[in-house]
Structures are given as C-alpha cells and as structure tokens.
Amino acid sequence: MHVKKYLLKCLHRLQKGPGYTYKELLVWYCDNTNTHGPKRIICEGPKKKAMWFLITLLFAALVCWQWGIFIRTYLSWEVSVSLSLGFKTMDFPAVTICNASPFKYSKIKHLLKDLDELMEAVLERILAPELNHANATKALNSSIWNHTPLVLIDERNHHHPVVLDLFGDRHNGSSNSSASEKICNAQGCKMAMRLCSLNGTQCTFRNFTSATQAVTEWYVLQATNIFAQVPQEELVEMSYPGEQMILACLFGAEPCNYRNFTSIFYPHYGNCYIFNWGMTEKALPSANPGTEFGLKLILDIGQEDYVPFLTSTAGVRLMLHEQRSYPFIRDEGIYAMSGTETSIGVLVDKLQRMGEPYSQCTVNGSEVPIPNFYSDYNTTYSIQACLHSCFQDHMIHHCNCGHYLYPLPRGEKYCNNRDFPDWAHCYSDLQMSVAQRETCISMCKESCNDTQYKMTISMADWPSEASEDWIFHVLSQERDQSTNITLSRKGIVKLNIYFQEFNYRTIEESAANNIVWLLSNLGGQFGFWMGGSVLCLIEFGEIIIDFVWITIIKLVALAKSLRQRRAQANYSGPPPTVAELVEAHTNFSFQPDTYPHSPNTGSYPNEQALPIPGTPPPNYDSLRLQPLDVIESESDGDAI
C-alpha cells in the first residue's frame, strides 16, 4: 500500500509542469517548442491560427512522406560497385589439365564390349534402314537395349504419331511395321530415347533433332550405368597416367614433372592433374609477367586410344582457379586443340561482395542448408559445389541412388540398371525439372570473396613441318626409349600459361546508403520544411511521455472513483447531512437518527460507523485549480 501511494505521488510530481489535461499539455507544447509552426498557432489571431495550423499540418505530412522514402531506400540495402587497380607480385594460379577422353580404350574395352556391339548395330540400322538386320541383332545383349531403347517417331501425321523401334518392333499404330519403316526417312522421322519406369508401365520420350546427338547421349547413359558398378580404384587404373600424359614441364626457369602435379579422379574426364594447388605446399609466386616466367607444358593425349563412342572431342581440357578450390572443369574449363601451341595470357579480377543484409553471399558456406559432398577434398566453398551437391541430394531423395558424375555420401549407392531399374527415367525427369533448378539456386549462395582469371588465348600450329621430325624423335626417345617416332601431331598439345601483367583489378561492393546518409537526409528534410532539429524531436518525445502520464493518472483516478462508488453502494441508508456531521464533530455524545429497517431488506450486514470529519490544513502548493482526486493523492503521499 505504501509503495502504491509513493508511485502515485511520483506521477503527480512529474506531471506538474505541462498540465493535468490534454488541452493544457497541447498549449504548453505549442508555447515552449522550438519548432516554428506550433508557436504561431498559439500567438496569432483566429484566422492566422487556422492558416498556420493547415500549413504546419501540410509540412508535417510532407516531412513524414519524405522520411518514409528515405527509410525505405535505406532498408533496400543497395550497394555501389567500385573498381580499383593494383600492382603487386601475385601467386600463380592453380592449373588443372584433363584429357578429353576419360579412359584408355585398350584398358576398358572388356567392360564396353556388349555396348559397343549394340552401338554398331544401331548405327548400321540408322545408316542402312532398308537392309534386314534380324540375324545380326540376335547375337546382341538385348537386356541393355530393352531397358532404354532408341526409337523412331513418325510425325508425318501429327494427330497420330507412330513410334517405331529401330530393330522393327512397333509400339503403337498399325501392325505392318516393316512397311512403315521403309517409307520413314530422316525428314519424316525423329529419333528419341524411351525412358520407362514401374516395369515399363510409365514411359516418356526424350527427343533429339539429330541422330548424332541421340546415339551419343544414349551411349553415355549406358556407359554411366557400367562405370557406376566399377570401383573407383579400378577406374583410376584405366585412365591416363601422369607420367605418360605429361611429357615436359617448365615453370619459369625451374624444371618440373608429373610429380609436381596432384592427381584427382574427375568422372567425366578420368584422371586430372593439378599444378600449384596449394594443398600441401605454399603457392608458387610468379617472378615476372610474360611468357618466360609462366608454365610451359607438352602433353600427349594418346588420341589413338580414345573410346570411339564415348568421346567425340580430341584435346586437353584445362582450367585456371584459386588454390585450395575444387576445379569444376566441365563447367568452367576450356579446350586446347592437339597439334597446336596454345598461349594463355592471364589477368586477375578480385571480387569482394558485401554479406547480409546487402547480399546473400557466404564466406565459407556454413549458412547454406545443403550438405557439401565435396568436403572430403578439403577445398573452399564454391557455388558450383553447392549446386552439384544439391542435385545429388535430390537424386538420392527421389531416385534412391546417386549419379555417377557427382560425389556420393556415405551409405548410398550409385545408380545402375541392376539395382535401380527406374533410375534413368527418374534422372531424366529431375534433370529437366525447372522447379529443382530453382530450388537449388535459391538455397545456394555465392562466395563473398572470389578471384577470377580472365584469359587471352592464341594458337599456332606446333610443331612446324620443318621441326616436326626432330621434335617427335626426341620426345619419343624420352618417353619410350625408342629410336622410332611413337608420337604424332594429332596427339601432342603444347601449353604456355603466364601473367600478361601484374596489374589486377579489385571489384568491391560498398553500401550505397549508410546510416550517416540516412540521418543527414532525415535532418535536412525536417529542418527545411519544419525548421526543427534533434531537440525538437526530443521535445516531441517528451510530450508523448507526458501524454502517457496523463492517461495513466486519469485511469488511476477512474479506477479509484469506481471503487468509492462500489463502497458507497454498500450503505443502504441515506448519507448524513452537513448539520449532522458538524454536530458529530463538536458533540462527541451525538448519535444520528436511525431509520426503521424495511421489512423487505432486513438488517444491514455491512453497516459501519461513519467517520468523524476534521478540519483539513490549508494547501498553498499552487494557485492552480486542481482536481479533487489529485489533492487527495498528494495528501496521502505526504502521510507516508
């Protein structure tokens, strides 16, 4: 009870200045504020009061509108991009090289025997459709073909297309398939790959505009099924070894060889070799810009041992990237052609993005909700690793197996026709799904710091006809210890990789609108339209606090008056008159008249003795007229 009286007294003491009513508070604010408009409302005559009230209201609305624009612009988190040039000695980039053919045909031929025979039969059927190939197809492994066959779709009648198997089995239309096949030519038929699931009850067709594309994609799909069932250690042995592929190496003035390269297995290209990856040793710096201070390589791609149906491109796939980053060479690499000397001049761009809330970039990928399946390589985060991991995660979730081209989490298996007969249909649907791509793009984030290598590429024939004989003799002697030429122009690639200059560009993001910009614009608008400052805002805040105090006091007074009314309702008799109160105050033996009880109500259970009034002391606290409840509350506080 004492605490309640003390708090009530504090409320009144705080409220003595501005006033005890809303009108008094408003008049006090307009009379004391430093803002120009409200003062004129109080000081001027009736007409000018109305004019200044409208002007002040209009400009206040204009200030609020401008503030809203500036705050919304600030919360949009826009960035500005600055470009700066620098000059310093830089670390040489990591260089990844791969052969265009992932495996040597002589070592993997036994795995592809049935598939190659089937591929040759398919080509014969495409090139000579009028001949009878019934006897030739009987000796083929039909299980591969029946699982995912190639078909011809006759669309000359668009309302009733006819699907024809390449080996003569019709799937819809009339039963006379041979007659239809004879008249179906390249202009009237489209080749497609039939992908089925649920034991062939649900099928889709993947169409192609060219038979070359169709048979290539079909062969790669079937080869993927075969390679997925072979342990990776065996696949590494079937690919091109570094000592055979890297014939010569020179970095600046220092000689190097295949031992200076780190080998990784990239499923699409087999064994790949990375120079200056920086995993176990410090990155090598470049002494100077120019060809003489770069990396020079002579490579043998062994084109004569390429897998004929798996790889249709001859050359070297290479990529420049940062140290300790995984090389996604299929996505970002370039080809170097055999029989040429390819010179690559390098320029460096460094990108520095701002993080939250300005962009969705990440420093190390810890905020990305997708498991990184490339974490076993101990490489830095990249958005390509996130996108590939996301696709593989969806493959495992929807198809119950992982694709051969991407790393596999522990406890899962790669997709193949034997264990997962519906995987090809599931993989095709997932690859064509726009929703899947958008989901992965929305979940993956760019790296906040990135380095890009811009390449200027030039090529020339190498070796020349005049020097071809002696160069191939020397290289053959060094590799095979043979006096005969074992190399040829179609299998040799020469690379020169160097910095064009040590100038590098830094592309950096910075906040376009910072807090200083926001405060200066808010203050400028408020000062221009209202003639106010930060102190005026403090005054406005003060008036809001006073408004809250007055509201609290009125609510307390209202609650107190309600309690008093409920207490008076407990007395059933009439209240004492003034004469009775005076008599009781002067005559202690005075008893007021009692009234007979009503027979309906009975006795008064809550009847109490009335208090004897006394003469209160005068209160000269202020000449201001104050409400009765305020005086009572102050007297109660003084009694504490």
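## Disulfide links

Is the link of Cys 386 and Cys 444 left-handed or right-handed? In this predicted model, the link of Cys 386 and Cys 444 is left-handed, with -90 degrees about the S-S bond. Because Cys 386 lies in helix α14 and Cys 444 in the loop between α16 and β15, the pair ties together parts that are 58 residues apart in sequence. Both Cys 386 and Cys 444 are buried, and their S to S distance is 2.0 Å.

The structure holds eight disulfides, including one between Cys 361 and Cys 448, whose sulfur atoms are 2.1 Å apart. This pair links distant parts of the chain, 87 residues apart, with Cys 361 in the loop between β14 and α14 and Cys 448 in the loop between α16 and β15. The link of Cys 361 and Cys 448 is right-handed, with 90 degrees about the S-S bond, and both cysteines are buried.

## Surroundings of Gln 323

Gln 323 is found in the loop between β12 and α13, where a polar atom of its side chain lies 2.7 Å from the backbone oxygen of Phe 92. A polar atom of the Gln 323 side chain also lies 3.2 Å from the backbone oxygen of Asn 276. Leaving aside neighbours within four places in sequence, the residues in contact with Gln 323 include Pro 93, Trp 277 and Ala 283.

## Annotated segment

An unreviewed UniProt entry lists residues 50–70 as "transmembrane region". Over residues 50–70 the chain is 100% helix and 0% strand, and the end C-alpha atoms are 30 Å apart. Cys 64 is exposed, with a relative accessible area of 52%.

Notes
Residues are numbered from 1 along each chain as its sequence is written. This is a predicted model: local features need pLDDT of at least 70, side-chain atom pairs count only at pLDDT 80 or more; totals for chains, interfaces and linings use all residues. Side-chain values use heavy atoms; hydrogens and water are left out. UniProt positions are given in the numbering used here, feature names are shortened, and annotations may be inferred rather than shown by experiment. Helices (H or I, at least four residues) and strands (E, at least two) are DSSP runs, numbered from the N terminus. A polar contact is a pair of N or O atoms within 3.5 Å; within protein, one must be able to donate a hydrogen and the other to accept it, and residues adjacent in sequence count only if both atoms are side-chain atoms. Contact means heavy atoms within 4.5 Å. A disulfide is a pair of cysteine sulfur atoms within 2.5 Å. Buried means under 20% relative accessible area, exposed over 50%, partly exposed in between (1.4 Å probe, protein chains only).
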